[in-house]
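The sequence and the structure are shown first.

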Amino acid sequence: YIGPFVTAALQVPFIYLIAKRLGGRLGGLLAVLLVLFLAMVHRSASQLLPDGYAGTWAIVACYVYVRFLETEARTQQRYLIALGVVSFIGYLAKETFVFFYPGLALAVWLARRNWRDVAWFCGILLVGLVLETAAYSIFTDYHGRWAIIRSTHIEAGGGDDEAAAVGMTFASLFQRFDELHNATKYLLFFSLGAALWQAVLREETKPVGKGVALVGISHVFFLTFLVRSIHPLDVFQGFDSRHMEPATPFRGVWAGSFLAVVAGRLWRA
């Protein structure tokens with residue numbers, strides 16, 4: 001019980017600090033409150049499941065990225081290395097943390113439009129993967145972590161085989177949203193709208209807002225649309241609602257900062 005609880009609690013300061021940059025103190029407070037009262041968060045904070053751990057490392061990685069944006073050029077390299085290390089630890093927590101990687105890589109590139117930064121970030125991940133694969137090959141009966149995943153999830157049926165058997169359509173990919181509790185579902189759709197506003201329309205905090213939006217949206221996008229076969233259509237990861245948990249901290253940040261900005265403009269009006 002201690003591990004999941006402490007890990008969930010560790011999300012709180014990082015959610016607050018990121019949302020504060022986007023929506024002030026009120027944004028940080030609202031972001032934290034929106035996350036704390038979700039039943040999904042209560043489950044991940046009280047059960048030994050990997051999703052909450054992945055969510056914590058994801059929001060920590062996002063904070064490191066924000067510091068990478070804000071710091072002076074001579075110290076940015078340190079934060080970039082830290083970002084790569086934290087992102088790889090997130091993958092060690094849960095393999096599907098890789099759904100955050102495209103968003104993180106794109107955010108890193110947008111920071112300075114520098115492909116060298118992206119090469120550094122991806123290089124750290126690659127070195128970590130090589131070392132991990134070597135350790136599995138030396139100390140276990142598997143040649144790598146992917147071999148374990150393939151034998152226990154892919155070949156054994158890691159997706160939604162029952163849905164595939166009755167014939168999935170493109171619309172079936174959105175079934176995972178229907179599996180969420182109502183509060184989580186409504187927050188998800190509202191926060192995705194807030195994330196798009198943050199990334200596209202808001203100018204005041206555009207570099208930070210765009211990066212934070214891209215990282216979280218990346219997970220939601222690939223979790224929804226990544227499939228392991230097209231004929232028949234079969235999802236890469238099943239429809240259990242807890243698979244959405246890693247991106248929950250981002251939903252709090254997006255929605256909280258948006259609500260704070262709206263409240264501030266209404267107050268001034």
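## Packing of α5 and α6

The axes of α5 (residues 101-112) and α6 (residues 115-139) approach to within 8 Å and cross at roughly 150°. Because angles over 145 degrees count as roughly antiparallel (under 35 as roughly parallel, 65 to 115 as roughly perpendicular, the rest as oblique), α5 is roughly antiparallel to α6. Axes are lines fitted to C-alpha atoms, for helices over the stretch in contact, with angles from 0 to 180 degrees between N-to-C directions.

Contact (heavy atoms within 4.5 Å) involves Tyr101, Leu104, Ala105, Val108, Trp109 and Arg112 on the α5 side. Their partners in α6 are Trp115, Asp117, Val118, Phe121 and Leu125. Helices (H or I, at least four residues) and strands (E, at least two) are DSSP runs, numbered from the N terminus.

## Basis of the model

This is a predicted model, in which local features need pLDDT of at least 70 and side-chain atom pairs count only at pLDDT 80 or more, while totals for chains, interfaces and linings use all residues. Residues are numbered from 1 along each chain as its sequence is written, and side-chain values use heavy atoms, with hydrogens and water left out.

## Salt bridges

Twelve salt bridges are present, each defined as a side-chain nitrogen of Lys or Arg within 4 Å of a carboxyl oxygen of Asp or Glu. One of them joins aspartate 51 to lysine 94, with an N to O distance of 2.3 Å. This pair links distant parts of the chain, 43 residues apart: aspartate 51 lies in α3 (residues 50-70), and lysine 94 in the loop between α4 (73-93) and α5. Both aspartate 51 and lysine 94 are buried, the classes being buried under 20% relative accessible area, exposed over 50% and partly exposed in between (1.4 Å probe, protein chains only). A network of salt bridges links Asp51 and Lys94 with Arg43, Asp240 and Arg242.

Glutamate 203 and lysine 206 form another salt bridge, at 3.2 Å from N to O. Here glutamate 203 is exposed at 53% relative accessibility, and lysine 206 is partly exposed at 22%. In the bridge between aspartate 234 and arginine 228, the closest N and O atoms are 2.7 Å apart. Aspartate 234 is buried at 6%, whereas arginine 228 is partly exposed at 25%.

## Cysteines

The count of disulfides (cysteine sulfur atoms within 2.5 Å) is zero. Cysteine 62 is buried, at 0% relative accessibility, while cysteine 122 is partly exposed at 36%.

## Backbone features and an exposed tryptophan

A cis peptide bond joins histidine 231 and proline 232, with omega about 0°. Proline 232 lies in the loop between β1 (227-229) and β2 (234-235). Arginine 113, in the loop between α5 and α6, has a positive phi near 50°, although it is not a glycine. At 54% relative accessibility, arginine 113 is exposed.

Tryptophan 267 belongs to helix α12 (residues 248-268) and is exposed, at 78% relative accessibility. Its C-alpha atom is separated by 20 Å from that of threonine 205, 62 residues away along the chain.
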